[in-house]
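Biologist: Could you put the model up on the screen and walk me through it? I would like to go from the side chains to the overall shape.

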Amino acid sequence: MASKRIEGLAVEIALLSNESLYQLAQELVAHYNERADYLDMMIKTEFQEQLMAYNQRLSRKQQVAQAIAKDLVGV
């Protein structure tokens, strides 16, 4: 009879342990997803900033080229 009780307790402990492990795994996945979303946002933001800086440099380059062309035509 005692062995049945011990076996039942062992099963209960195993179930609780699996539930705890499952909950921990869910928490880790949620944390990972939050981090992944944050990093994804940071990468997109960095890319957008670099693209804007590139477009500004390109625009300035075009302005300088047009100014040079005007000067050459005027000469």
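**Contacts, surface and shape**

Modeller: To begin with the charged contacts, this is a predicted model, and the structure holds 1 salt bridge.

Biologist: Which side chains meet in that salt bridge?

Modeller: The salt bridge joins the side chains of Asp40 and Lys44, with an N to O distance of 3.4 Å.

Biologist: How many residues apart are Asp40 and Lys44?

Modeller: They are 4 residues apart, which is about one turn of the helix, and both of them lie in helix H1.

Biologist: Changing topic, which residues make the nonpolar surface patch?

Modeller: That patch is made by Tyr38, Leu39, Met41 and Met42, and it has an area of about 370 Å².

Biologist: What about Tyr22, buried or exposed?

Modeller: Tyr22 is also placed in helix H1, and it counts as exposed because its relative accessibility is 55%, where the cut-off for that class is over 50%.

Biologist: How far is Tyr22 from Ala10, going by C-alpha atoms?

Modeller: Their C-alpha atoms are separated by 18 Å, for two residues that stand 12 apart along the chain.

Biologist: Let's zoom out, then. How many helices and strands are in the protein chain?

Modeller: The protein chain has 1 helix and 0 strands. Its radius of gyration is 32 Å, whereas the globule rule gives 11 Å for 75 residues, so the chain is more spread out than a compact globule.

Biologist: What box do the C-alpha atoms fill?

Modeller: Taken along the principal axes, the box is roughly 110 × 10 × 5 Å.

Biologist: What share of the residues is buried?

Modeller: Buried residues make up 0% of the 75 residues in the chain. As for the surface, the protein chain exposes about 7300 Å², and carbon and sulfur atoms supply 63% of that area.

Biologist: One last thing, how far apart are the mean positions of the positive and negative charges?

Modeller: They are 12 Å apart, with 8 positive and 10 negative charges counted in the protein chain.

Definitions and conventions:
Residues numbered from 1 in each chain as written. Predicted model: local features only at pLDDT ≥ 70, side-chain atom pairs only at ≥ 80, totals over all residues. Heavy atoms only, no water. Patch = residues over 30% accessible without salt bridge, like charges linked within 9 Å, V, L, I, M, F, W, Y side chains within 5 Å. Areas by Shrake-Rupley, 256 points an atom, 1.4 Å probe, with all protein chains shown as cover. Salt bridge = Lys/Arg side-chain N within 4 Å of Asp/Glu carboxyl O. Helix = DSSP H or I, 4+ residues; strand = E, 2+ residues; numbered from the N terminus. Rg over C-alpha atoms; globule rule 2.2 N^0.38 Å. Buried < 20%, exposed > 50% of the residue type's maximum accessible area, 1.4 Å probe, protein only. Lys, Arg positive; Asp, Glu negative; His and termini not counted. Charge placed at Lys NZ, Arg CZ, Asp CG, Glu CD.
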